[in-house]
Amino acid sequence: MAKMPMEMGNGTTVQEFILEGFPASQHLGKVLFLVHLLAYLASIAGNAVIVTITCADSRLHTPMYFFLSIFSFFECCFTSTVIPKLLIIFLLGRQTISFPACFIQAFVTVFLGAGGFFLIAVMSLDRYVAICKPLHYPTIMSLKTCFLLVTSCFALPFTLITGPLVKISQLSFCGPHVIPHFFCDVGPLIHLSCSDSRSAEMLAFVVALVILLTSLIITIIAYSNIVVTIVRLPSAKEKKKAFSTCSSHLIVLSLMYGSSVFIYVKPKQTNRLDSSRGAALVTTVVTPLLNPVIYTLRNKQVHQALRETMCRMKISR
């Protein structure tokens, strides 16, 4: 995907970038390595558990848990694209990354991030149909529909981001080559280009805006109808039950939208690069770590499925 950078005037080329990471915290490298390693392992384990029990327990073979398991898979892939390199930076101080590897990382992170937002919108639609049209839910959210929706969550991001990423990779990179971030993100890469990057910057901004707004509008419309339906329910018990199925989803999407809007929806990528690193940690470390806890903390079905799966594992030994 990535085109090799153009030569500088003195004949040298940018063969690799340097990920700056968190220069103010370099003296805490070993501590930060341990903290992020534990967070990464807990995130992978938690999301893997959700995928496993959803596949293993027939009672969780419903659209809601199917989408949740796909979302957990997305989170595992997303955090695994970013965190291992960050751990190497903390432990060994190896901050270099090759030109092709950098753009591959940028493509995969943007692809998975965009796919996650479309999946959040699909999960909102699922809750809308389940609460607002419960009698038609099995018909509307059929297996075929679920697979088509998940396929679109893969196809749409690929279609939307491939053009802008190819355009950015074809910019001239003739120095400097220090990326003020802990992974290869689109904004800092555009800022490093020594050619006219205004069109690429605006294209990246528009695509990010389209992805976020499309997902957000679908989510807002779905939850507006959900709130109206819940308010009209006759008993407080029914209202509480309906809201409890949505509360976990609302917490997760608030974290995702808040941090991503702060990072990506800025016409000028040169602004707030330092603070963007902190926001990026939310999407790459905090959110994937909290998702399994948020989705399973008050979910009795998941608790029961997890207990029974663990019992079966003990018996099989």
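**Exercise 1.** Determine how much of the span of residues 146-166 is helix and how much is strand, and how far apart its end C-alpha atoms lie.

*Solution.* Step 1: Assign the secondary structure; helices (H or I, at least four residues) and strands (E, at least two) are DSSP runs, numbered from the N terminus. Over residues 146-166 the chain is 100% helix and 0% strand. Step 3: Consider the record. The UniProt annotation "transmembrane region", from an unreviewed entry, covers residues 146-166, and also 202-231 among others. UniProt positions are given in the numbering used here, feature names are shortened, and annotations may be inferred rather than shown by experiment.

The model is predicted: local features need pLDDT of at least 70, side-chain atom pairs count only at pLDDT 80 or more, and totals for chains, interfaces and linings use all residues. Residues are numbered from 1 along each chain as its sequence is written, and side-chain values use heavy atoms, with hydrogens and water left out.

**Exercise 2.** State which elements the protein chain contains and in what order they run.

*Solution.* Step 1: The count gives ten helices and three strands. Step 2: Read from the N terminus, the order is β-α-α-β-α-α-α-β-α-α-α-α-α. Step 3: Of the 317 residues, 46% count as buried; buried means under 20% relative accessible area, exposed over 50%, and partly exposed in between (1.4 Å probe, protein chains only).

**Exercise 3.** Describe how helix α3 and helix α5 pack.

*Solution.* Step 1: Two packed helices are described by the angle between their axes and the distance between the axes. Axes are lines fitted to C-alpha atoms, for helices over the stretch in contact, and angles run from 0 to 180 degrees between N-to-C directions. Step 2: For α3 (residues 99-132) and α5 (residues 143-169), the angle is about 145° and the axes are 8 Å apart. Step 3: Identify the contact, that is, heavy atoms within 4.5 Å. Among the residues involved are Phe 103, Phe 107 and Val 110 of α3, and Leu 149, Phe 154 and Ile 161 of α5. Step 4: The residues of this contact divide into 20 nonpolar, three polar and no charged. Here Ala, Val, Leu, Ile, Met, Phe, Trp, Tyr, Cys and Pro count as nonpolar, Asp, Glu, Lys and Arg as charged, and the others, Gly among them, as polar.

**Exercise 4.** Is Ser 69 buried or exposed, and which residues does Ser 69 touch?

*Solution.* Step 1: Ser 69 lies in helix α2 (residues 63-92). Step 2: Because its relative accessible area is 8%, Ser 69 is buried. Step 3: Not counting residues up to four places away in sequence, Ser 69 touches Ile 50, Val 51 and Thr 54. Step 4: Thr 54 is placed in helix α1 (residues 29-56) and counts as buried at 6% relative accessibility. Step 5: Leaving aside neighbours within four places in sequence, the contacts of Thr 54 include Leu 60, His 61 and Ser 69.

**Exercise 5.** Find what distance separates the C-alpha atoms of Leu 28 and Leu 91.

*Solution.* Step 1: Leu 28 is in the loop between β1 (16-19) and α1, and at 36% relative accessibility Leu 28 is partly exposed. Step 2: Leu 28 and Leu 91 are 63 residues apart along the chain, and their C-alpha atoms are separated by 9.8 Å.
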